[in-house]
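Dear colleague,

I am handing over the structure we spoke about, with the sequence alongside. Please open it first, and then read the notes that follow.

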Amino acid sequence: MKILIYAEHREGKIRKITYENITLAKQLGQPFEVLVVGSDVDHFADEMAKYGAEKVVFYKNSAFAQYSPDGYAKVIAKAVQDRGADVLLMGATSTGKDLGPRVGAILNAAMATDCTKVELDGDDLKLLRPMYAGKVHASIRLTSPVKIVTVRPNVYSAAEAPASAQTETVDAEAADFKAVVKEIISGAQGKLDVTEADIIVSGGRGMKGPENWHLIEDLAGLLGAATGASRAAVDAGWRPHDEQVGQTGKTVSPSLYIAVGISGAIQHLAGMSSSKYIVAINKDPEAPIFKVADYGIVADLFEVVPRMIEELKSKN
Ligand SMILES: Cc1cc2nc3c(=O)[nH]c(=O)nc-3n(C[C@H](O)[C@H](O)[C@H](O)COP(=O)(O)OP(=O)(O)OC[C@H]3O[C@@H](n4cnc5c(N)ncnc54)[C@H](O)[C@@H]3O)c2cc1C
């Protein structure tokens with residue numbers, strides 16, 4: 001089984017999920033190559049070699065300096081065919097969600113999205129993915145000749161395993177693009193992306209209003225965490241949508257998720273229940289969040305969170 005890993009990069013940086021997928025491919029013990037689509041991308045080879053990539057293939061064209069959903073999908077599909085790959089491994093990220101189905105449509109390939117476990121079963125892959133907002137986990141097998149698998153970020157930890165990477169460059173064709181991304185307007189500069197963060201402090205309606213969010217931000221700052229929010233907080237206009245965790249927001253799998261004043265509705269759990277450790281702070285002992293929490297604090301958040309902040313400050 002030959003695996004092709006699509007290397008996701010943004011603003012000149014490889015995204016963590018690429019390293020996680022390299023680690024996963026190494027664990028599977030199958031031959032794999034890493035595919036980089038772009039313009040000025042050669043420098044990525046050394047970074048990927050740090051995680052054990054032995055072969056990095058560049059599909060380059062100056063037109064790929066700008067992301068194009070249909071243009072990238074075509075070149076990825078071409079690369080899958082050129083390299084004779086059986087499996088295309090991508091991240092279950094916004095980019096993976098955008099590109100995976102397009103590549104699947106071109107190659108008539110079956111796709112399993114947002115997998116939380118990828119195992120070898122004979123000559124095949126056995127995949128586990130949450131369904132129905134995380135209520136059930138389906139164990140599935142794809143039967144098409146080419147298979148597309150997207151893996152949930154942070155489920156597999158990227159492990160450094162220095163290798164020396166062989167590289168190959170293909171001058172790729174850039175067909176007529178139907179759409180090109182001209183500009184990306186990012187949110188707050190330097191803000192940690194909630195999907196890549198190892199620790200997340202999330203607030204919900206229990207925070208009462210945006211004027212209290214300094215508690216979430218201070219706690220997150222002291223822990224080196226990203227800030228998240230429930231949909232109730234986002235819908236109320238207290239927080240930007242890019243912080244929303246859940247079924248209609250982001251799916252996260254940090255090592256530690258601290259839910260502050262969040263009830264734990266199924267749609268919220270869908271986005272965070274695969275976190276390694278969950279801490280819930282809620283004054284209602286019956287709140288459903290406690291069913292998934294590893295540690296629960298039944299208390300008024302306006303008493304507990306300032307104490308946590310003081311405690312952490314005294315230790316720093
Ligand atoms: C199709 C669909 C998609 C959805 N997608 C999402 C999604 O992506 N993400 C998401 O989050 N939701 C989503 N929702 C909404 C979801 O159903 C809930 O309405 C939402 O998650 C509730 O947010 P919350 O927990 O902040 O608010 P609430 O449910 O109102 O909970 C607030 C909690 O704060 C606690 N609290 C109040 N005051 C204090 C205090 N002083 N100290 C401690 N605790 C306190 C309360 O006990 C309560 O448990 C979706 C709903 C639908 C129908």
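In what order do the 7 strands of the open sheet that includes β1 lie, and is their pairing parallel or antiparallel? Before the answer, please keep in mind that this is a predicted model. The strands follow one another as β7-β11-β6-β1-β4-β5-β12, and they pair in parallel. The two edge positions are taken by β7 (110–115) and β12 (166–171), each of which has a single partner strand, so one side of each is left without a neighbour in the sheet. On average, and with direction ignored, neighbouring strands here are turned by 20° against each other.

Within this sheet, β4 (residues 32–38) and β5 (residues 55–60) run parallel and are joined by 5 bridges, and Val37 has Tyr59 in β5 as its bridge partner. Helix α3 (residues 69–83) packs on the sheet, where it touches β1, β4, β5 and β6, and its direction makes about 150° with that of β4. Helix α1 (residues 16–28), for its part, lies across β1 (3–6), β4, β6 (87–91) and β11 (147–151), and runs at about 165° to β1.

For residues 3–183, the unreviewed UniProt entry gives the feature "domain: Electron transfer flavoprotein alpha/beta-subunit N-terminal". That span is 27% helix and 34% strand, and its end C-alpha atoms lie 32 Å apart.

There is also an open sheet of 5 strands, with parallel pairing and the order β14-β13-β15-β16-β17. Its edges are β14 (226–229) and β17 (295–298), and since each has a single partner strand, one side of each is left without a neighbour in the sheet. Neighbouring strands of this sheet are turned by 15° against each other on average, again with direction ignored. Strands β13 (residues 199–203) and β15 (residues 256–260) run parallel and are joined by 5 bridges, with Ala259 in β15 as the bridge partner of Ser202. Helix α5 (residues 214–223) lies across β13, β14 and β15 at about 175° to β13, whereas α9 lies across β15, β16 and β17 at about 130° to β16.

Finally, the ligand: of the 28 residues around it, those that come nearest are Gly204, Gly206, Ser230, Arg231 and Gly246. The elements giving two or more residues to this shell are α6 (231–235), α7 (266–272), β16 (277–282) and α9 (301–315). Sorted by class, the shell has 14 polar, 9 nonpolar and 5 charged residues.

Conventions
Residues are numbered from 1 along each chain as its sequence is written. This is a predicted model: local features need pLDDT of at least 70, side-chain atom pairs count only at pLDDT 80 or more; totals for chains, interfaces and linings use all residues. A residue is near a molecule or strand if its C-beta atom, placed from the backbone, lies within 6 Å of it. Helices (H or I, at least four residues) and strands (E, at least two) are DSSP runs, numbered from the N terminus. Ala, Val, Leu, Ile, Met, Phe, Trp, Tyr, Cys and Pro count as nonpolar, Asp, Glu, Lys and Arg as charged, and the others, Gly among them, as polar. Two strands pair if DSSP finds at least two bridges between them. Axes are lines fitted to C-alpha atoms, for helices over the stretch in contact, and angles run from 0 to 180 degrees between N-to-C directions. Two residues are in contact if their C-beta atoms, placed from the backbone, lie within 7 Å. UniProt positions are given in the numbering used here, feature names are shortened, and annotations may be inferred rather than shown by experiment.
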